[in-house]
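Please examine the protein below before reading the report. The text is meant to be read alongside the sequence and the three-dimensional view.

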Amino acid sequence: MRLPTPATAPRMPASVRLPGRSPRPGYPGFVVEEKSADQGGAARGSVRGPGRLRARASALVLVLAVAGCAQSPSDPAADKDAAHSASPSVVSAPTSLTGAGEFKRRTTAAIVYNRKLVPKGAQASLTAESTGGKTVTSLVVEGLLPDHRYGAHLHVAPCGARPADAGAHFQHVAGRADASSEVWLDLKTDNSGAGRATAHHDWPLAGALPRSLVLHASATAPSAPPAPRIACLTLS
Ligand SMILES: [Cu+2]
């Protein structure tokens, strides 16, 4: 947290002081806060030690409340910082993948294979964020057919001129073809042709990463072969 500086700290009546502590000149009312910074170590203004800080922040709240001063800009920040630094350690390196673009005929960044199902101007954006052993993958599309169900998955290879170039479905567990091992992002568009889907997984992206998002002509049916590939977005 950033401690209030004398220039920005709310002015308190000079009579509000903790017993036994002498205020610093020109810094009335923030004796407690300043004291905690001194005890926190060398770095003034970036105090480490959440529990102690929170306790002192609470003491400050009490002082302010007693003083009849409801305004206390430093307190929410103190609580937020304390909660943040108490979060569990990350178990794997954060990884992120993105891809975005308008689907066109001759670019493999975002390529269309079927203009009937992916009209001119259609576009997509994908982000996959992997951190703390979990992965969240989100797809947003615009300009597709209205009220249509599309299948969508992450695949192992980048998009190419041919639909098959994207390779097989990405699988976290090799050979396991379900939504817990693969990343399925099926969606139904609204009446403007826009849609979105998000997939949550309890595993991190690591090792061989997915390289593309493939849009399929219709929704994924686990017991049937995937519908034809109609567009592809390369991820990096
Ligand atoms: Cu697929």
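## Basis of the model

The model is a predicted one, in which local features need pLDDT of at least 70 and side-chain atom pairs count only at pLDDT 80 or more, while totals for chains, interfaces and linings use all residues. Residues are numbered from 1 along each chain, following the sequence as it is written.

## Overall composition

The protein chain contains three helices and nine strands. Helices (H or I, at least four residues) and strands (E, at least two) are DSSP runs, numbered from the N terminus. Read from the N terminus, the order of elements is α-α-α-β-β-β-β-β-β-β-β-β.

Of the 236 residues in the protein chain, 27% are buried. A residue is called buried if 20 or more other C-beta atoms lie within 10 Å of its own, exposed if 12 or fewer do, and partly exposed in between, with C-beta atoms placed from the backbone. Two residues are in contact if their C-beta atoms, placed from the backbone, lie within 7 Å. Among the contacts in the protein chain with a separation of 6 or more, 62% are between residues 24 or more positions apart.

## The four-stranded sheet

An open sheet is formed by four strands in the order β1-β3-β4-β7, and their pairing is antiparallel.

Two strands pair if DSSP finds at least two bridges between them. Nine bridges connect β3 with β4, and these two strands run antiparallel. Within this pairing, E129 is placed opposite V136 in β4.

## Two residues in the sheet

T127 belongs to strand β3 (residues 123-131). T127 is partly exposed, because 16 other C-beta atoms lie within 10 Å. Apart from its neighbours within four places in sequence, T127 makes contact with S96, T98 and S138. The C-alpha atoms of T127 and S236 are 9.8 Å apart, although 109 residues separate the two along the chain.

H201 lies in strand β7 (residues 195-201). H201 is also partly exposed, because 19 other C-beta atoms are found within 10 Å. When residues up to four places away in sequence are not counted, H201 touches K134, T135 and H172. S180 is 21 residues from H201 along the chain, and their C-alpha atoms are separated by 6.8 Å.

Is D147 buried or exposed? D147 is exposed, because 12 other C-beta atoms lie within 10 Å. D147 is located in the loop between β4 (134-142) and β5 (149-155). Its phi is near 50°, a positive value in a residue other than glycine. In general, most residues other than glycine have a negative phi.

Six of the seven residues of β5 are buried, so this strand is largely enclosed by the rest of the structure. Two bridges link β5 to strand β6 (residues 187-188), and the two run antiparallel. Here R149 faces K188 in β6. Five bridges link β5 to strand β8 (residues 212-216), again in antiparallel fashion. In this pairing, H153 stands opposite V214 in β8.
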